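Subject: Handing over the model, with notes

Dear colleague,

I am passing on the structure we spoke about, and my notes on it follow directly below. Please open it beside this email and look up each residue as you read.

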Amino acid sequence: LGAHFTGIDRRMANLFAADGKSLILAFDHGIGGANYSGMANPEKTLTDAVAAGADAILTTVGQALRFGQIISRVGLVINLDDLVDDPTYGVTQALSVGADMGKVIAFPGSPTHVDSVHRAARLCAIAHQYSLPMMVEPIPVSFESKADHTPDKIGPAARMAAEMGGDLLKIQYTGEASTFREVMAPLFRPVIVLGGPNRGNIREVFTDVRTAIDEGAVGIAIGRNIWAHETPAKVVAAMGAIIHGGASVDEAMKELN
Amino acid sequence: LGAHFTGIDRRMANLFAADGKSLILAFDHGIGGANYSGMANPEKTLTDAVAAGADAILTTVGQALRFGQIISRVGLVINLDDLVDDPTYGVTQALSVGADMGKVIAFPGSPTHVDSVHRAARLCAIAHQYSLPMMVEPIPVSFESKADHTPDKIGPAARMAAEMGGDLLKIQYTGEASTFREVMAPLFRPVIVLGGPNRGNIREVFTDVRTAIDEGAVGIAIGRNIWAHETPAKVVAAMGAIIHGGASVDEAMKELN
Amino acid sequence: LGAHFTGIDRRMANLFAADGKSLILAFDHGIGGANYSGMANPEKTLTDAVAAGADAILTTVGQALRFGQIISRVGLVINLDDLVDDPTYGVTQALSVGADMGKVIAFPGSPTHVDSVHRAARLCAIAHQYSLPMMVEPIPVSFESKADHTPDKIGPAARMAAEMGGDLLKIQYTGEASTFREVMAPLFRPVIVLGGPNRGNIREVFTDVRTAIDEGAVGIAIGRNIWAHETPAKVVAAMGAIIHGGASVDEAMKELN
Amino acid sequence: LGAHFTGIDRRMANLFAADGKSLILAFDHGIGGANYSGMANPEKTLTDAVAAGADAILTTVGQALRFGQIISRVGLVINLDDLVDDPTYGVTQALSVGADMGKVIAFPGSPTHVDSVHRAARLCAIAHQYSLPMMVEPIPVSFESKADHTPDKIGPAARMAAEMGGDLLKIQYTGEASTFREVMAPLFRPVIVLGGPNRGNIREVFTDVRTAIDEGAVGIAIGRNIWAHETPAKVVAAMGAIIHGGASVDEAMKELN
Amino acid sequence: LGAHFTGIDRRMANLFAADGKSLILAFDHGIGGANYSGMANPEKTLTDAVAAGADAILTTVGQALRFGQIISRVGLVINLDDLVDDPTYGVTQALSVGADMGKVIAFPGSPTHVDSVHRAARLCAIAHQYSLPMMVEPIPVSFESKADHTPDKIGPAARMAAEMGGDLLKIQYTGEASTFREVMAPLFRPVIVLGGPNRGNIREVFTDVRTAIDEGAVGIAIGRNIWAHETPAKVVAAMGAIIHGGASVDEAMKELN
């Protein structure tokens, strides 16, 4: 008889282009106190990203309330990383701005945030009660603990995100096709790759995205490597060429000219 | 300082094309017990309408749960005409399938449904609590009472729908540009025109839609005149040409060939 | 020690000028299906009324959501006449648009609306739970039953409105100073006079308002006699001169030139 | 189609003069146990401030209940800094006294109040459910940690307040135009500057306010530097001349004579 | 009159074959971050296990949401080991995917998880409020503390699980018939045995299961020793022969050929 198509499915579909892939601009860094280059003019950043073909924006309720008109024709993912106590308020707030998805981070193996995985799982449970799908971002131990960002830890962390009911998995690229393929194999939810710190080498980023898509990722959620670039709109367009157009890295690089 | 852009605004935007207009296929007649020609194969009707360019579908929770995949890339309006007592359940149900808008009918002047206007107003109030915008369809007295469907009754009925907080007004075309213009003048919410019974004369329908759009309507919510036609997909495409493409009636007629 | 100054007091104060008087433009007729001359351009009507010195607007949630920016610097009274069942939704809706007061009608002696007084009392009770003050408009029997609009019926009806907890009484002028004085004497809540149908004789209206203010009324809530006039903004200014400036009827008439 | 104008927008507008600017007297220090000079006669302080032109008062529910009549014609912001667990009670209490806005502090980077940012975000979410706008006051680390009150920390802290959905940002002046300009640039919500401890040098305060307004701040929320002055009413009037009248510092100083 | 047969009883019955015994495939390890051999292809694992005769699957909400169709004809137990705060959300989430039972672990005697028993008891209480039966898995001290896994500790731990209201007890096999018999004697709830780490010796596992069933266990919940085997489907079939068919160990071994 198949499955009922509930609001979880419908809202999640809002993030994806007709080809089932999604270019998500991550622009939620300000809620964590970041002050990166490229964050200075959010209105322009959002306007340019939408014009250049972003499928969705990952941002905050503050930006949604202020710039909602600008991003009204693309998907909206709301950062719900730091909810206190009963997270219901965060879920209903996200829905009150018309969010298509919530997003939460989890740090498997963290010695300091020992319940971050369980809290993420709880948030997924409550979000689903309200038919809000969740993007889960599993980072082994912490962002700072680079030594733990190995395929054998990224993989199980991602699997945990799927097991807890995460609907879309935002994971780190492992650095090479073979290990990324191994990480992807046992995951049973769609995967997008995150960008991380601005690498200052956009060709490398394009190469990683190209490989990730080739290995089965359905898209990206990338921020700093896009809006900290000198021509963010061109980077979005180039990313779109890779993700939706099958462009090679060389072809993507030409989009920057 | 401007207004916050909340989920009411964002969800409503989901129904409209970039030009601010919307072609809504009305396909919610089954919930009322109708058995019109053209209702036999809902999967095909929905598939064809989406492929032909419908911007949104007005339907029921049942269809949304069953055919949600098919209509996942267009706007979704859920019929909430017949809620009992506390209508909160209807609003949360609509949101549980990811609806972008609810729809309710009101019969100003009805001797039998004396509180239909007040019930519609209550539903708008509760829907707004959940950031769900509402389409209100004000029909003077009743569908059967054709003698009451005059401009001097259609106008005030539509105004009532706006005053109660309706976000989108689904009204009857008055039959001629001059009276429709008068009806539109004092309305302060966007208006779409409904189709009514199958007239068996698609040129007439096109003519009415063309005139309504020219007089300021932002779209249509038409059912029987579309899916009871022998080539529904062509009618949708022709309607789209009128609404979004500025096509004349003659040009629209050519789309049917 | 005196009374606590709660939100009921504070919100009510928002309607009044520093002199304790209030010129309220009634513009909520559309919700009842009216289509009077002067209602055609609500945006202009509200803009002109505010510019000309109205202290508050009595209107609907629909207008508040649409024209809220225009009326953001004057008091806001929301029509709550026709709530269904548990009226809590109406009170919370009024507060959701930032209303300073709700308004409800009551028909003492009505043979058809036998519980209208009790429903108004219930609404006052619930509104007070939410610190929303209420304007109560007691009309003997019905608007149509002119024979019942005599001082000996207007007075007790107004007293009922005060007794049920109405915070501001919107009553009919009795037609002459002496009877109005008698009506006012036993009332223990502030009184404003309503305007009723457009009389087409603005001097008469000014005369009634002048007398009512002289006899202790704190203001007016008048609609049709203002916005159905050919120069509504001038009528508002003239009313302001009477209410706030102590102008005579002759002086007020000069404002219309 | 634009955005609905809800109670969040309307209540916030109550704080501002017609020029879109606001002079807010901060007088909520007693709730924290302060006993500063100038707090001895709250009735007089409030009366004088309102008479001298304050647009709004930031205070406590206690003062609102006791002195509500005095401040009934200016905006009311209620201090909600110290709510326990489910903050719904604080929001409904603020609304019960007719507040136009709530206010909450956040200490990004605090080692002792590690969840103060997340608690402030939660309060904003819940306040918005009730259509109450929020003033957020982001202070890097703590009031005592002066070394952290640098532009590179004030800026990101303020951005966090905007991202979490704060409607009005109460921030520290950075000490000079150039750095304040940089702090302001990426903020997407209106900013007011706070006063901090009594500096005993009112010219300096005027200079800072003049510069902040010139750089785009929409007003101030200043307490001790006003009511601890020997002639508070004159300071309020002088501040008003700067904020609303475009007065220079020299012109403002003359108001004190 | 006997006892009411409530949803607790009915749901629990869904796990058992007509003979009152149950072969449960444990496949919930991913939620804890495990990355064991055999977890790579969950879709195949579940498909094969069902085809080979598993009576139920112990897994996660994530797998249930993703692979629910595959396991729709067998019992479903949801891992609820790591709930935060009020566990109601976990119980309702399990019911939202149609679970027949929840599962929780408890560590009697743990010096680090001092409240794990009480938390398990709380979860049983809340699950029963919702008529969800609970599988309780009592492990003395910890999985790592092998020295504590003696019959005199396994027995009391299991008794605690029964006393707290556990409906099905998932316990460790003690290694020999006599001690297992002693452990079983005072338990007043049905018992299943767990498998633990992959022993690489399937005959030993069959021997333990055979003995446990002979001593009164009603089934098994075994994972790694099944799906980490080279022919998992054959192991399931062999286990079924032991549990439901009365097969000897030798007969079971023949199923692997």
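Between chain C and chain D the count is two salt bridges, where a salt bridge is a side-chain nitrogen of Lys or Arg within 4 Å of a carboxyl oxygen of Asp or Glu. One of them links C:Asp100 with D:Arg10, and the closest N and O atoms of this pair are 3.0 Å apart. Please keep in mind that this is a predicted model, in which local features need pLDDT of at least 70 and side-chain atom pairs count only at pLDDT 80 or more, while totals for chains, interfaces and linings use all residues. Residues are numbered from 1 along each chain as its sequence is written, chains are lettered from A and ligands numbered from 1 in the order in which they are written, and side-chain values use heavy atoms, with hydrogens and water left out.

The count of residue pairs in polar contact between chain C and chain D is 20, with both residues at pLDDT 80 or more; a polar contact is a pair of N or O atoms within 3.5 Å, and within protein one must be able to donate a hydrogen and the other to accept it, while residues adjacent in sequence count only if both atoms are side-chain atoms. On the side of chain C that touches chain D, at least two residues each come from helix H1 (7-13), helix H3 (61-67), strand E3 (75-79) and helix H4 (88-96) of chain C, and H1(C) gives the most, with four residues. Helices (H or I, at least four residues) and strands (E, at least two) are DSSP runs, numbered from the N terminus. The contact (heavy atoms within 4.5 Å) takes 28 residues from chain C and 27 residues from chain D. Together these two chains bury about 2,100 Å², 44% of it on carbon and sulfur atoms, buried area being the accessible area (1.4 Å probe) that two parts lose on being put together, summed over both.

Turning to chain A and chain B, the rule finds two salt bridges across their interface, and B:Asp100 forms a salt bridge with A:Arg10, whose closest N and O atoms are 2.9 Å apart. The area buried between chain A and chain B is about 2,100 Å², and within chain A the residues that lose the most area to chain B are A:Phe5, A:Arg10 and A:Leu65, together 35% of what that side buries. By contrast, no contact joins chain A and chain C, and their closest C-alpha atoms lie 13 Å apart.

Finally, is strand E1 of chain D buried or exposed? Five of the five residues of this strand (residues 22-26) are buried, so the strand is largely enclosed by the rest of the structure; buried means under 20% relative accessible area, exposed over 50%, and partly exposed in between (1.4 Å probe, protein chains only). In a regular strand the side chains alternate between the two faces of the sheet. Both faces of E1(D) are covered, with D:Ser22, D:Ile24 and D:Ala26 buried on one side and D:Leu23 and D:Leu25 buried on the other. E1(D) pairs in the parallel sense with strand E8 (residues 219-222) of chain D over four bridges, pairing being assigned if DSSP finds at least two bridges between two strands, and D:Ile24 stands opposite D:Ala221 in E8(D).

Best wishes
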